[in-house]
Amino acid sequence: MNKKRIAIIGAGIGGMTTAVALSQKGIDISIFEQAPALSEVGAGLTVTPNATKGLMYLNLGEEIAKVGMAHEKQGVRHYKTGDMIVPLHRGKKMLEQYGAYQFQLHRADIHDVLVNELKKNAPDSIYVNHQLSAIKESSESVELKFTNGEKNEFDFVIGADGNRSTVRNIILGDDEPEFAGYVAWRGLVPTKELSEDDFDECGSSAFISPGRVFARYLVRNGDIYNYVGFLSTDEWAEEGWSIPSKVETILDVFSDYNQQVKNIIAATPKDQCYKWGIFTRKPTHKWSTDKVTLLGDAAHPVEPFMGQGASTAIEDAVVIGRVIEDSSTPNEIIKRYENARIERAHFITEHSKKAGQRFTGANPDKYTKEDHKNEEELGLFNYDPGSVIV
Ligand SMILES: Cc1cc2nc3c(=O)[nH]c(=O)nc-3n(C[C@H](O)[C@H](O)[C@H](O)COP(=O)(O)OP(=O)(O)OC[C@H]3O[C@@H](n4cnc5c(N)ncnc54)[C@H](O)[C@@H]3O)c2cc1C
């Protein structure tokens, strides 16, 4: 298959990592993005060791280390007192135990690393302003149609077009994403606006309370606090990642939280405060047709409580790159890719949901280290997409 033409739909972190993985192997790819320019939303992101190993496989370990922060300490903390309930050790311990760091970074920075790498290997492979609208699959090829009127033919197509995937709708025709019962607010806060009391030795913390979680960590050499606050609720009607919100609304939701959290929220630049609803889909045991498959959020959107959304998309991308490199038919790609990935993706989906229920459902006074069965405790960091059997 490495002489064939492959299309990737969507240039988010999943699609871009796939494009890098395939282009490094000399495979002929085209990546189509609906937006007028390649970019990422303003927010932070966690890359856990399982995904860092994938980026190292792509020789991007050093570049990621330049833009990421590997905090030594992480923890689950009490919303009111700020007391540590479950201390977690990251930093060097990750390297020693799992062979790779955990990084926290700005989404735009990891996206830039991927874009720069792709431009080195396949500068003419990127098509912006290309929104996929239709797919016609025949025994010979796959024809793609875009809303700008263009048509193109390929041998194999990968849908990395996110949670509201057009590719998925066309090939699986299954239900729309379902509201998972959480509204989230996010902000990037310049730390120069804050006082010394708003920092502590725990670089990354999740403050838990009944019905809410507030997570914050430093990115860009500590110049910015990234935060995301979740509220468990039955109601949500709006769509999109970037719906403007008001700082006062978030302050109201977290009004009984400790002063550090409230200071961070209050320092959010007024025009950079956003909310979105968390949507997922029921896990499916089929991600593909004969010549079209799915990857990242298009295949398996996860609730964000174990920080695995981007990490699993990176795992998918590295695995599909390896599979395509030495498969001879689309059928072989699909069999090997689905065998390697579906079970793990479902495991992460299921446990991300449980993590959210534990964080928001528990009385923080009763939450213990034994209750905490998240990404590390479940063994997710042991996975290496660059060497797992595929
Ligand atoms: C603000 C924000 C905060 C997040 N926070 C977390 C977090 O804390 N923890 C976590 O685990 N996950 C988080 N996520 C989710 C995580 O980032 C994703 O799971 C991960 O990046 C994988 O994304 P993806 O590449 O599969 O899809 P996406 O990042 O959604 O990328 C899809 C791309 O496809 C493009 N596209 C869509 N439709 C079409 C079409 N028809 N034609 C062409 N292009 C198309 C889109 O424009 C987009 O560029 C967050 C996401 C956002 C946006």
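A residue is taken to be near a molecule or strand if its C-beta atom, placed from the backbone, lies within 6 Å of it. The structure is a predicted model, in which local features need pLDDT of at least 70 and side-chain atom pairs count only at pLDDT 80 or more, while totals for chains, interfaces and linings use all residues. Residues are numbered from 1 along each chain as its sequence is written.

The ligand has 32 residues around it, of which Gly10, Gly12, Gly162, Gly296 and Gly309 come nearest. Two or more residues of this shell are given by helix H1 (13-24) and by helix H9 (309-325), where helices (H or I, at least four residues) and strands (E, at least two) are DSSP runs numbered from the N terminus. The shell comprises 15 nonpolar, 13 polar and four charged residues; here Ala, Val, Leu, Ile, Met, Phe, Trp, Tyr, Cys and Pro count as nonpolar, Asp, Glu, Lys and Arg as charged, and the others, Gly among them, as polar.

A nonpolar core is a set of buried Ala, Val, Leu, Ile, Met, Phe, Trp, Tyr and Cys residues joined through C-beta atoms within 7 Å, and a residue is buried if 20 or more other C-beta atoms lie within 10 Å of its own, exposed if 12 or fewer, and partly exposed in between, with C-beta atoms placed from the backbone.

Strands E8, E9 and E10 form an open antiparallel sheet in the order E8-E9-E10, where two strands pair if DSSP finds at least two bridges between them. Strand E8 (132-137) and strand E10 (151-154) stand at the edges with a single partner strand each, so one side of each is left without a neighbour in the sheet. Between E8 and strand E9 (residues 142-146) there are five bridges in the antiparallel sense, and Lys136 stands opposite Glu143 in E9.

Strand E14 (residues 212-219) is mostly covered, with seven of its eight residues buried. Six bridges join E14 to strand E13 (residues 204-209) in the antiparallel sense, and the hairpin that E13 and E14 form has two residues between the strands, with Gly211 in the turn having a positive phi of about 80°. Eight antiparallel bridges link E14 to strand E15 (residues 224-232), with Tyr227 in E15 as the bridge partner of Arg216.
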